[in-house]
Amino acid sequence: MTEPNGQNVQKLADYRPYPFVLTATRLHFALNPAATEVRAALSFSPRDADMPQDLVLDGGRGVELLSLTLDGEVPDPAHVIRRNETLTLSAAALPPHPFLLETTVRIDPSANTACEGLYISNGMFCTQCEAEGFRHITFYPDRPDVMATFHVTIDSDLPVLLSNGNPVGQSQGRAEWHDPWPKPSYLFALVAGELAAVSDSFTTRSGRRVALNVWVRPRDQDRAGFAMESLIKSMKWDEDVYGREYDLDVFNIVAVDDFNMGAMENKGLNIFNSKLVLASPDTATDGDYERIEAVIAHEYFHNWTGNRITCRDWFQLCLKEGLTVFRDQQFTSDMRSAAVKRIEDVQALRSRQFREDQGPLAHPPRPDRYEEINNFYTATVYEKGAEVIGMLKRLVGDDGYRRALDLYFDRHDGDAATIEDWLKVFEDATGRDLTQFKRWYTDAGTPRLTMAEDWQPGVAGGRLSLTFKQETPPTPGQPEKLPRVIPIAVGLIGPNGDEVAPTQVLEMTEASQSFIVEGLGARPVVSALRGFSAPVVLTRPMDDQTRAFLLAHDTDPFSRWEAGRDLALSALTAAAQGLAPGGDHVAAIGRLIADDAADPAFRALCLTLPGEEEIATRLFSEGKVPDPEAIHAAREAMALRMAETHQDLLSRLYDGMAVSGPYRPDAADAARRSLRNAVLALLTRIDGGERAEILFGIAGNMTERMAALIALLRRGRGQAELAALHDLFDGNRLVMDKWFAVQPMAALPAQAAPIARTLSQRADFDWKNPNRFRALLGGLAANHAGFHAADGSGYDFTAEWLLRMDPFNPQIAARMSAVFETWTRYDAGRRAKALAALERIAAADGLSRNTREMVSRMIA
Ligand code: ARG
Ligand code: ZN
């Protein structure tokens, strides 16, 4: 489908089933870095023999066709049509019965810098096929609804040769793999290299023994143990909680250094960015450990939600991603603290997804059009997709959810399914009509919810009415929105601080709706949207005193944290506009962190002030133009005031929270370190950096080292520590990525872009490595006032590097370009500079489809 402007737009409404069934795929690889030959034997049968159709195969430009036969014969060349991105066999050449299509192609993995298809990372052959990478390996119906069994033979001198499924033959220079589970091409994987494994095994609940391997480069073996532990926990959890068992004899995980995303759920052969596998106390932080555990789980859980049941087309991406994120979130809550996990997830949702929903890149969890699908692996598809499932579960209850999921696995095992299929199992399992609920999938934008209270002491023993109104602002292509179903979890707290009504879920379906509670006696304080029961922005008239009351008494940990957050945000947004802050956030937080009975991780979350980006988002949602410098100054001033006001308490906490004994990455120890590090960030403002310098020197782990270094850098110090870190870890890519990232991130705003530029000129700025590139550009973008420097230096630097990256790795350039997505929020001067930078990118010759789509959406 070509639009008038010549752009290639894919539309959900245009979906048609593939006219052929592909039952079996046999592949043979003769691996060679610059000239790999791939032979494919594909067993097709026409879907409808009476309706002859052309057979269209996808195939990228780098795929060179060497030979093609149909049932062993060379077809008339007039019936074989090669276009830029396809190879077509005309209907006239095809028999009305099953046939075998065999091709041989040549590809050049050594020239593949895009990390898509078959490429080489550090001497290792590896693949990334989601979403449309397989077409760079051979000609194929590269779409998720075409599913076949795969038999793969790999010829190579490299010692370790892996593919999907079970090993069926291994001899000198050759390995054969068979995957009995029909799968789409995006789940294909191949790895070949000099690798070493950390191995273990898992016995499934029905007694099948599965061999487990985490493959890394030989000297990295001592950093792969935690990934293996995480895998075993994930396999057990999916059996216990979802009743899902693993279904092959082996499960392999491979770590690669050059990887566009986090990780990939290829059947039986997950491929991971090495930063999500390798961890040791001296190289990885607590945050890294938690993330590794979560991503190992995420990819493993895809075996059922993604692989056994896959997506019909890429518009349905959130069917597998939203559900799998939801499942990995549940897993982490079970492994660690549920309250802390929920708060962290909401923070991430607000900082990434709300931001996306507010700007030109807003789209629904299920988009209905795209030009480049790789641009839609977004916070909306993943994290909002998970929130939508959380709401469904809240609405149908835990039992209803369980029944619906059992039905889903039962009914759709082996299918390429849709969001409609997903909703239907909930309807059938629970009897609920989800027509209105579906808007959460099809509409973009974050609903604004307002709550008003009316208290009538003399009526019905004390009557409280809560009136909610919802409205969703327009988003690109969706000017008007209908009301959604919003589950609002509400609890009531009496004047003495006791809960008088436990959490109840109010179901809002109208644009405006009231809920009444009677017999209350005294007027309670309403704790609303407990647990963040819906991804909305809730506004309610509330004074800082009431916020402080909730911060002290709410029984719901999320709402308690939220009250403190609101208190901080109301003070910070006032200060950032030059207004006097009301209330006393600093005092309220002091009372909370002094509570030794509370979880240290929770206290750390309460102590950490909202980031500058979050303050900007809040101001913008209140209709104000955020001023990055004023926001930075306001936040700095409040942090200083917290440090000065609570100096004694903070010093005591700093000493008291020290963790003794060997480093352990578990939730309890990590919680103490997180509180201690949050305290350190404050104390470094008033102790001349003394504590941080000492900690950096004696820390036996990267968590504390990084916290100390960042605290110092934020104060314009830390040069000696930076140099020391470099000397200690020069040869460790992952630590050096951190070294590149923290410098622009923690720099004083005016220094951020200049520091990024200086770093970019270093010989060890290996920018073609996706992690290194992301470290530096992402580090700068994480410095709100630095990236949005009024002179445009942050924008210019970023645009320059996006242009440089685009011809090498369009996915990385396009995804990183989203750092500009908020540009329209700011003042005219900044807007002009950001627009000029975006226009420079748009004007580049030969810009990739990926980056062109992103930039044109942002400029539109
Ligand atoms: N399915 C993978 C995951 O979330 C993400 C792979 C996306 N890759 C890409 N190039 N778009 O687990
Ligand atoms: Zn995923």
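Domain bounds in these legends come from an automatic or database domain assignment. The model shown is predicted.

**Figure 1. Overall view of the protein chain, with its secondary structure and dimensions.** The secondary structure comprises 26 helices and 30 strands. Along the principal axes, the C-alpha atoms of the protein chain fill a box of roughly 85 × 65 × 60 Å. The radius of gyration is 28 Å, which agrees with the value near 29 Å that a compact globule of 860 residues would have. Of these 860 residues, 50% count as buried. Among contacts with a separation of 6 or more, 70% are made by residues 24 or more positions apart.

**Figure 2. Domains of the protein chain, and the contact between domain 2 and domain 3.** The domain assignment gives domain 1 (20–194), domain 2 (309–442) and domain 3 (448–541). The centres of domain 2 and domain 3, taken over C-alpha atoms, are separated by 24 Å. Where these two domains touch, 14 residues of domain 2 are in contact with 14 residues of domain 3. On the domain 2 side, at least two residues come from each of α4 (338–358), α5 (379–412) and α7 (439–442). Helix α5 gives the most to this side, with 5 residues. By class, the side of domain 2 that touches domain 3 has 8 nonpolar, 1 polar and 5 charged residues.

**Figure 3. Surroundings of ligand 1.** The shell around ligand 1 is made up of 14 residues, of which the closest are Glu130, Asn260, Met261, Asn374 and Tyr377. Two or more residues of this shell are given by each of β19 (263–264) and α2 (286–301). The classes represented are 5 nonpolar, 5 polar and 4 charged residues. Ligand 1 lies between domain 1 (20–194) and domain 2 (309–442), because both domains give residues to the shell around it.

Figure 4. Strand β2 (residues 20–30) pairs with strand β3 (residues 36–46) in the antiparallel sense, over 10 bridges. The two strands are joined by a hairpin through 5 residues. In this pairing, His28 stands opposite Arg39 in β3. Strand β2 also pairs with strand β11 (residues 148–155), here in the parallel sense and over 7 bridges. The bridge partner of Leu27 is Val152 in β11.

**Figure 5. Strands β9 and β10, with the hairpin between them.** Strand β9 (residues 117–121) and β10 are paired in the antiparallel sense over 5 bridges. Ile120 has Phe125 in β10 as its bridge partner. The hairpin has 2 residues between the strands, and Asn122 takes a positive phi near 55° there. Strand β10 (residues 124–128) is largely enclosed by the rest of the structure, because 5 of its 5 residues are buried; a residue counts as buried if 20 or more other C-beta atoms lie within 10 Å of its own. Both faces of β10 are covered, with Met124, Cys126 and Gln128 buried on one side and Phe125 and Thr127 buried on the other.

**Figure 6. An open sheet of 5 strands.** The strand order is β16-β17-β18-β20-β19, and the pairing is mixed. Strands β16 (196–203) and β19 are the edge strands, each pairing on one side only. Strand β16 runs antiparallel to strand β17 (residues 209–216), and 8 bridges join the two. Val198 stands opposite Val214 in β17.

**Figure 7. Gly697 in helix α16.** Helix α16 (residues 690–698) contains Gly697. Gly697 has 12 other C-beta atoms within 10 Å and is therefore exposed, the limit for an exposed residue being 12 or fewer. Gly697 and Leu838 are 141 residues apart along the chain, and their C-alpha atoms are separated by 43 Å.

Methods
Residues are numbered from 1 along each chain as its sequence is written. Chains are lettered from A and ligands numbered from 1 in the order in which they are written. This is a predicted model: local features need pLDDT of at least 70, side-chain atom pairs count only at pLDDT 80 or more; totals for chains, interfaces and linings use all residues. A residue is near a molecule or strand if its C-beta atom, placed from the backbone, lies within 6 Å of it. Helices (H or I, at least four residues) and strands (E, at least two) are DSSP runs, numbered from the N terminus. Ala, Val, Leu, Ile, Met, Phe, Trp, Tyr, Cys and Pro count as nonpolar, Asp, Glu, Lys and Arg as charged, and the others, Gly among them, as polar. Two residues are in contact if their C-beta atoms, placed from the backbone, lie within 7 Å. The radius of gyration is taken over C-alpha atoms; the globule rule is 2.2 Å times the number of residues to the power 0.38. Two strands pair if DSSP finds at least two bridges between them.
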